Amino acid sequence: MDVLVGYASAHGSTRGIAERLATTICRAGLKAEARALETVDDADAYRAFVLGSAVHDQAWLEPARTFVRENLDVLGSRPVWLFSVGMPGALRGPWKRLAAQEIPVVLRTLPGQLPYLGHELFTGVIARNQLPRSGRVLFRLMGGRFGDHRDWTAIDAWASEIAEQLTRTSRA
């Protein structure tokens with residue numbers, strides 16, 4: 001397999017994004033697969049990585065952080081892209097603008113020596129039943145809207161950029 005689109009997902013929306021990324025990369029003629037990071041036994045089997053996680057408490061989920069820590073030697077020698085899935089697209093007004101400030105905080109929770117070629121923050125699905133009652137109230141007070149906020153056009157465009165870069169470097 002050429003490209004691992006690895007993910008850690010809490011409720012399935014990050015998995016859906018990873019699957020879409022892998023499908024788009026495959027359409028460009030590369031071999032890619034989406035897999036939960038805790039199921040990857042041999043990172044050395046891949047020549048490139050697109051790694052992502054849902055963001056909870058301004059950090060990637062533990063399975064994603066563990067995968068990165070345990071595979072730094074392999075990741076350091078291959079092309080790596082990162083994506084995070086949070087809720088900025090579900091927010092409005094000043095809260096939406098503040099969401100972008102979360103990116104450096106999230107990236108600081110990953111090992112500092114992890115080289116990567118790009119990072120994207122996508123919005124996932126935010127369902128009422130995913131939040132405790134107090135969280136639902138706070139989310140609504142912040143102008144939050146429940147629903148599926150995944151931007152498939154942006155996701156496809158980013159995957160196409162990655163595929164183009166990988167194709168270009170494999171020809172060089």
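Predicted model: local features only at pLDDT ≥ 70, side-chain atom pairs only at ≥ 80, totals over all residues.
Residues are numbered from 1 along each chain as its sequence is written, and side-chain values use heavy atoms, with hydrogens and water left out.

Visitor: What volume does the largest pocket have?
Guide: Rolling a probe the size of a water molecule over the atoms shows where empty space is left. On a 1 Å grid over the protein atoms alone, a pocket is an open set of points where a 1.4 Å probe fits, with protein on both sides within 12 Å along at least five of seven lines, and its lining residues have an atom within 4 Å of a point. A volume is the space filled by probe spheres set on the points, which are joined across faces, edges and corners, and for the largest pocket this comes to about 790 Å³.

Visitor: Which residues lie nearest the centre of the largest pocket?
Guide: The lining, by class, has 16 nonpolar, 11 polar and 2 charged residues, where Ala, Val, Leu, Ile, Met, Phe, Trp, Tyr, Cys and Pro count as nonpolar, Asp, Glu, Lys and Arg as charged, and the others, Gly among them, as polar. Of the 29 lining residues, those nearest the centre are Val 55, His 56, Gly 86, Met 87 and Leu 131.

Visitor: Which element gives the most to the lining of the second largest pocket?
Guide: About 170 Å³ of space lies in this pocket, and 11 residues line it. Helices (H or I, at least four residues) and strands (E, at least two) are DSSP runs numbered from the N terminus, and the element that gives the most here, with 3 residues, is strand 6.

Visitor: Is Thr 24 buried or exposed?
Guide: Thr 24 is found in helix 1, and its side chain makes a polar contact with the side chain of Asp 156 at 3.1 Å; such a contact is a pair of N or O atoms within 3.5 Å, one able to donate a hydrogen and the other to accept it, and residues adjacent in sequence count only if both atoms are side-chain atoms. Buried means under 20% relative accessible area, exposed over 50%, and partly exposed in between, with a 1.4 Å probe and protein chains only. Because its relative accessibility is 8%, Thr 24 counts as buried.

Visitor: What is the relative accessible area of Asp 57?
Guide: Asp 57 is found in the loop between strand 3 (48–56) and strand 4 (59–60). Asp 57 counts as exposed because its relative accessible area is 79%.
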